[in-house]
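Could you take a look at this one with me?

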Amino acid sequence: MIGSLTSEQRSSYENDGILFPIDVLSPAEVNRMKDGLAAIESCLDRTPKTEELHQLFLNFRWAYDLVTHPKVLDAVESILGPDILLWATSVFAKPPRDPGFISWHQDATYWGLDSGSITTAWIALSESSTENGCMRVVRESHKQSIQPHKETYGDHNLLSRGQEIAVEVTEEEATDVVLAPGQMSLHHVNIVHGSKANFSDKPRIGFAARYMTPSVKQRGFQQPVILARGEDRFGHFEHMVGPPNSDDLAIATRNHLRTAREHVTGIRETAGTYGQSEE
Ligand SMILES: O=C(O)CCC(=O)C(=O)O
């Protein structure tokens, strides 16, 4: 057996394109990650937008520790094998009664990556339930090729361009990915997934970490990745040099806003190498 998943769990992922729940974080670890997010919010003195929370691992130590957490990587190793790059992260947060939703989509459509050897660990930092808008998937949809998508730019869509699959998904096809805080799911880059608004009085916070094998190539702009495990024998990506120093929250937050902007615009503004202290 490679990694922490049983052969039944691996087969289930391969067949369904999704595997959950997987226990990864202790309550104290969940609190550390939530405190990290709250500190950014208090530093900004406003709720950050979804697009401002991409790539937190490049500037915040807690996010770096989350994406390199041994229990997360042990499970990912069972899916991808021993060589693992952490490519990107996002936070999908829905405050109580938030109308924000995520339209049905396949991640591979927009990422410019040339392979299916990519999996997302969606780590619940709060309860994620049917009531508060948990992620939903269409099991086995990763076996289809990439379907046509349209850009809807819907008002409350948490995806930047409101990317939506141009094929109807019925309620009967959907599975709710219900998770307790500290649990995660793994989903295949081609699976059809989305989520509804938060109809409850409780927040829903998910941290999505995207992992791939070093053989994957990306078209266009690239930010550094973490060589999370094993070796990179391909060299398609720049590697981050060690964890970020985020002791000074104001500097880390300022640097991060630049990082998040780079991620969205595809234009590099940062001089030097991530993972070294920078102003
Ligand atoms: O958080 C959600 O509801 C969906 C997340 C998502 O689209 C993703 O992680 O790829």
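Here are my points, starting with the ligand and then moving to the protein around it.

1. A word on the basis. This is a predicted model, where local features need pLDDT of at least 70, side-chain atom pairs count only at pLDDT 80 or more, and totals for chains, interfaces and linings use all residues. Residues are numbered from 1 along each chain as its sequence is written, and side-chain values use heavy atoms, with hydrogens and water left out.

2. Start with the ligand's neighbours. The shell around the ligand includes Phe-92, His-105, Asp-107, Trp-122, His-187 and Arg-210; a residue belongs there if one of its heavy atoms lies within 4 Å of the ligand. By class, the shell has five nonpolar, four polar and three charged residues. Here Ala, Val, Leu, Ile, Met, Phe, Trp, Tyr, Cys and Pro count as nonpolar, Asp, Glu, Lys and Arg as charged, and the others, Gly among them, as polar.

3. Which strands each supply at least two residues of that shell? They are β3 (102–106), β10 (192–195) and β11 (204–212), strands being DSSP E runs of at least two residues and helices H or I runs of at least four, numbered from the N terminus. The largest share, three residues, comes from β11.

4. Now the polar contacts (pairs of N or O atoms within 3.5 Å; within protein, one must be able to donate a hydrogen and the other to accept it, and residues adjacent in sequence count only if both atoms are side-chain atoms). Oxygen atoms of the ligand lie 2.9 Å from a side-chain N or O atom of Arg-210, 3.0 Å from one of Trp-122 and 3.2 Å from a polar side-chain atom of Asp-107. Taken alone the ligand exposes 290 Å², and the protein buries 100% of that (Shrake-Rupley method, 1.4 Å probe).

5. Ser-42 counts as exposed because its relative accessibility is 53%.

6. Finally, helix α4 (residues 70–80) has several buried residues, among them Val-72, Leu-73, Val-76 and Leu-80. Just after α4, Gly-81 takes a positive phi of about 95°.

Conventions. Buried < 20%, exposed > 50% of the residue type's maximum accessible area, 1.4 Å probe, protein only.
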